[in-house]
Amino acid sequence: MPHVSRHEPEKKIADEIYVRLLDHLTNKGSTKDRSLVCAELFTRTEQIMLAKRLAIICMLGEGFSFDDIQETLRVS
């Protein structure tokens, strides 16, 4: 489990940080630029974990069965 500081920023600041993160991951620069940002923010394992989570959401939305998702993505 990742370590999270117990010293949380004020809600207004936390919200602004989150908005900026989303902005950098979705709107700023080319695909290569966004890929570089992700490489800086996430370990390879975290990148795979997040990609699988997104794939699960997409596959569920497209009507895939749980068994198909589990087999395709090798998730439990």
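Lys11 and Asp15 both sit in helix α1, four residues apart, or about one turn of the helix; helices here are DSSP runs of H or I with at least four residues, numbered from the N terminus. Their side chains meet in a salt bridge at 2.9 Å, N to O, the term meaning a side-chain nitrogen of Lys or Arg within 4 Å of a carboxyl oxygen of Asp or Glu. The model is predicted, so local features need pLDDT of at least 70 and side-chain atom pairs count only at pLDDT 80 or more, while totals for chains, interfaces and linings use all residues. Residues are numbered from 1 along each chain as its sequence is written, and side-chain values use heavy atoms, leaving out hydrogens and water.

Lys11 is exposed at 61% relative accessibility, whereas Asp15 is partly exposed at 38% (buried is under 20% relative accessible area, exposed over 50%, partly exposed in between, with a 1.4 Å probe and protein chains only). Helix α1 also holds Glu16 and Arg20, four residues apart, and these two form a salt bridge with their closest N and O atoms 2.7 Å apart. The count comes to two salt bridges.

Helix α1 (residues 11–26) also gives the most to a nonpolar patch, with three residues. Tyr18, Leu21, Leu22 and Leu41 make this surface patch of about 360 Å²; patch residues have over 30% relative accessible area and no salt bridge, with like charges joined within 9 Å and nonpolar side chains (Val, Leu, Ile, Met, Phe, Trp, Tyr) within 5 Å. Accessible areas come from the Shrake-Rupley method with a 1.4 Å probe, and for residues only the protein chains shown count as cover.

Methods: Helices (H or I, at least four residues) and strands (E, at least two) are DSSP runs, numbered from the N terminus.
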